[in-house]
Amino acid sequence: MIQAEIQSILKKQKSFFNTSETLNVKTRIAALKRLYSYITNHQKEITDALTADLGKCALEGFMCEAGLVLGEISYMLKNIRRFSRDEKKHTCITNFSAKTFVKKSPYGSVLIMSPWNYPFLLTMDPVVDAIAAGNTIVVKPSAYSENTSRIISNMINECFNPEYVAVVTGGRAENQCLLEQKFDYIFFTGSQTVGKEVLKKAAENLIPVTLELGGKSPCIVDKTADIKLTAKRITWGKYLNCGQTCVAPDYILCHESVKNALISELKKQITLQFGKDPLNNPSYGKIINKKHFDRLNSLFDSSKIIHGGKSNPQTLKIEPSIMDNVTWKDAVMGQEIFGPILPILTYKTDQEIISTVNERPKPLALYLFSSNKKLQKKVLNECSFGGGCINDTIVHLATNNMGFGGVGESGMGAYHGKTGFETFSHRKSIVDKKTWIDVNMRYQPFTGFKEKLLRMFLK
């Protein structure tokens, strides 16, 4: 039954796409405006769902999810006509006389599979980009964030006919069935393990993909950093959403000379931002489910906890925690943490930074706190990572003016703003050749004179 329903949805979407209705920019604009209106009118329902799933307070839910989606829609509405226009290109002499241009065309029917940690943002941001580019869409939200998935389902069912945008809910069986279908594009956000399966299935049908994955994102603090401000910004970025952020600082790599000062300031900031009793702070989030709660608790080494470490299995809350004297042999360094545990490692030389990062899988993000311009340039030039910040955390993904994505093990492809529009568009290269003249040089027979001219023009 699942398979029949999914196949029916996809068949109807392909038929609707073939009507060329979504090629009309006015259709796309109207669709985006419907979404914007719905989100604006149902903000409380959305943030309530995020609170139920992840313990996010209403302001955090708006700031980090619903508000960013509204911003993406606004950006697309302002720029969609410009993004959709043909791009004129210089015509080389060998194509005289002609007009050359790039035409942006939607892929067709796309599948968007989203995660549970930012269930509204990471579902709707790529949906906005895919609509703007002119595609039909099947959305598969996470089964773990069931309250937010319900809101998303209600929203899409109210704003769209299913042949344009449809939602498929459920778990592994639905995921597996969706990946068996011949979509024109797949956009997946989630773990590396599942990402490999998505890529494998896509390869069987030669379907292009974007993979937004994760990894152990380093946070480097050198001896020239402003320690108080550094601690404030790291604390915010690490423990936002209870650490369940794909670009959260996974571990600190700090110069040994500033470790003690940094730890002292981190402890102060945790108390300032989350209170003396974070487990009873209603604005501090919770772990998504018991499975991940137990996994995170298993990463603790009680002998290395220097702050926090307590948890409540009834509320699924874990204190913002710090671990010191950590090595790469510790369990906490063997996987992406994805929770409120912050290990601290140290280095002595700048070259140790480069080798520590480059000897390991490429991270989704990298953060460098330093006033040393030479070091900043060295790290940015020599380390491979998806994106990041100098003297801040997280905020590089909260802009429409730059793409966001991973590299290597942390993903492939990018989205947000114009980059998102281009992700869901195929760029057709077109030569419009004129008929009033036909240069005879390319045709046989090839005389000595033709050869001389060809060699001259093609150099």
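## Close-up views of a predicted model

**View 1. Contacts of Asp432.** Beyond its neighbours within four places in sequence, Asp432 is in contact with Ala98, Lys99 and Phe101. The model is predicted. Asp432 lies in strand 20. Asp432 and Lys99 are 333 residues apart in sequence. In space, their C-alpha atoms are 5.0 Å apart. Is Asp432 buried, exposed or partly exposed? Its relative accessibility is 29%, so Asp432 counts as partly exposed.

**View 2. A nonpolar patch on the surface.** Four residues make up this patch: Phe96, Trp436, Ile437 and Val439. Together they have about 390 Å² of accessible area.

**View 3. Val439 in its loop.** Where is Val439 found? Val439 sits in the loop between strand 20 (425-433) and helix 15 (448-458). Val439 counts as partly exposed because its relative accessibility is 33%. Val439 also belongs to the nonpolar patch, along with Phe96, Trp436 and Ile437.

**View 4. The whole protein chain, for context.** The secondary structure comes to 15 helices and 20 strands. The radius of gyration is 25 Å, close to the 23 Å that the globule rule gives for 459 residues, so the chain is as compact as a globular protein of that length. Along its principal axes, the C-alpha trace spans about 85 × 55 × 40 Å. Buried residues make up 53% of the 459 residues. Take the contacts with a separation of 6 or more: residues 24 or more positions apart account for 72% of them. The accessible surface of the chain comes to about 21,100 Å². Carbon and sulfur atoms hold 53% of that surface.

Notes
Residues numbered from 1 in each chain as written. Predicted model: local features only at pLDDT ≥ 70, side-chain atom pairs only at ≥ 80, totals over all residues. Heavy atoms only, no water. Patch = residues over 30% accessible without salt bridge, like charges linked within 9 Å, V, L, I, M, F, W, Y side chains within 5 Å. Areas by Shrake-Rupley, 256 points an atom, 1.4 Å probe, with all protein chains shown as cover. Salt bridge = Lys/Arg side-chain N within 4 Å of Asp/Glu carboxyl O. Helix = DSSP H or I, 4+ residues; strand = E, 2+ residues; numbered from the N terminus. Buried < 20%, exposed > 50% of the residue type's maximum accessible area, 1.4 Å probe, protein only. Contact = heavy atoms within 4.5 Å. Rg over C-alpha atoms; globule rule 2.2 N^0.38 Å.
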